Amino acid sequence: MDNISHLNVTREKEIVLSKGISQQSIDVIKASASCITSNDVQISSRMYEILFEKYPKMQMLFANSPKNQHMKLANAISSYAVNIEKIHVLFPALEVIAISHVREDVKPAHYPLIGRAFIEAIEDVLGDDASMELLDAWREVYKYIADILIEMEEKLYLKQKEREK
Ligand code: HEM
C-alpha cells in the first residue's frame with residue numbers, strides 16, 4: 001500500500017470535523033476521561049469477547065492480528081477520550097488504522113457490530129459508573145470516528161480498484 005498523503009483532509013475540513021461532536025457529549029467525555037483511560041485495556045478486551053461470542057465468524061478477520069491488538073484499540077480509545085476537543089490531531093493515527101482495515105478487508109457493515117460490542121463493553125466494565133449519558137456520548141463519538149474511518153477506507157478501496165484495472 002503506498003503512502004496515503006492524498007487522503008490528508010484540508011486543515012479547513014479538519015476544523016469543521018473537529019466540531020462534529022455535540023458540546024454535551026464533549027463535556028461528558030471530558031468528565032469521564034480518566035475513568036475510561038484507567039479501564040481502557042479491560043474495555044477493549046471485553047469488547048473482543050462480546051464481539052466473538054456474538055459473531056464467531058468475525059474472528060477470521062482478526063486472524064492476522066498481532067497479540068497486542070487489544071492494546072492498540074485500548075490506546076485508541078484513550079486517545080479519543082483525552083483529545084475529545086481536538087480530535088483532528090488524531091487524523092494521522094486514523095489514517096494508519098484505515099490502512100490496516102483495508103489490508104484486512106474491513107467493510108462499513110462491520111462498524112455497527114463493533115460499535116454495539118464497544119458500548120456493551122463499557123457498560124460491563126464500568127458497571128454503575130456507566131450512566132446513560134456516558135453511554136450516549138460514547139455512542140456519538142464512536143459513530144463520528146467510524147464515519148471518518150469509513151470515508152478514508154472508501155478512498156483507499158477506490159484507489160486499490162483503480163490500480164487493479
Ligand atoms: C471506530 C472504530 C474502530 C477503531 C477505533 C479501530 C481501531 C483499530 C486500531 C487502533 C488498529 C491497529 C492499527 C495498526 O496499528 O495497524 C486496528 C486494526 C484492525 N481493526 Fe480496527 N478499529 C475500528 C473498527 C474496526 C472494525 C469495524 C473492524 C471490523 C471487524 C476492525 C477490524 C480491525 C482489523 C482486522 C485490524 C487489523 C489488525 C492488525 O493486523 O493490526 N476495526 N483497528
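Ala, Val, Leu, Ile, Met, Phe, Trp, Tyr, Cys and Pro count here as nonpolar, Asp, Glu, Lys and Arg as charged, and the others, Gly among them, as polar. The model is predicted: local features need pLDDT of at least 70, side-chain atom pairs count only at pLDDT 80 or more, and totals for chains, interfaces and linings use all residues. Residues are numbered from 1 along each chain as its sequence is written.

**View 1. Elements of the protein.** The protein has seven helices and zero strands, where helices (H or I, at least four residues) and strands (E, at least two) are DSSP runs numbered from the N terminus.

**View 2. The shell around the ligand.** The ligand is surrounded by 23 residues, each with its C-beta atom, placed from the backbone, within 6 Å of it. S65, S100, E104, H110 and I114 are the closest. Two or more residues of the shell come from each of helix 4 (69–82), helix 5 (91–103), helix 6 (110–126) and helix 7 (132–164). By type, the shell holds 15 nonpolar, six polar and two charged residues.

**View 3. The largest nonpolar core.** This core has 30 residues; a nonpolar core is a set of buried Ala, Val, Leu, Ile, Met, Phe, Trp, Tyr and Cys residues joined through C-beta atoms within 7 Å. Buried means that 20 or more other C-beta atoms, placed from the backbone, lie within 10 Å of the residue's own. M47, A121 and V141 have the most contacts inside the core. Helix 7 gives the most to this core, eight residues.

**View 4. Surroundings of V141.** Not counting residues up to four places away in sequence, V141 touches I21, S25, I29 and Y80, a contact being two C-beta atoms, placed from the backbone, within 7 Å.

Key
Buried ≥ 20, exposed ≤ 12 C-beta atoms within 10 Å, placed from the backbone.
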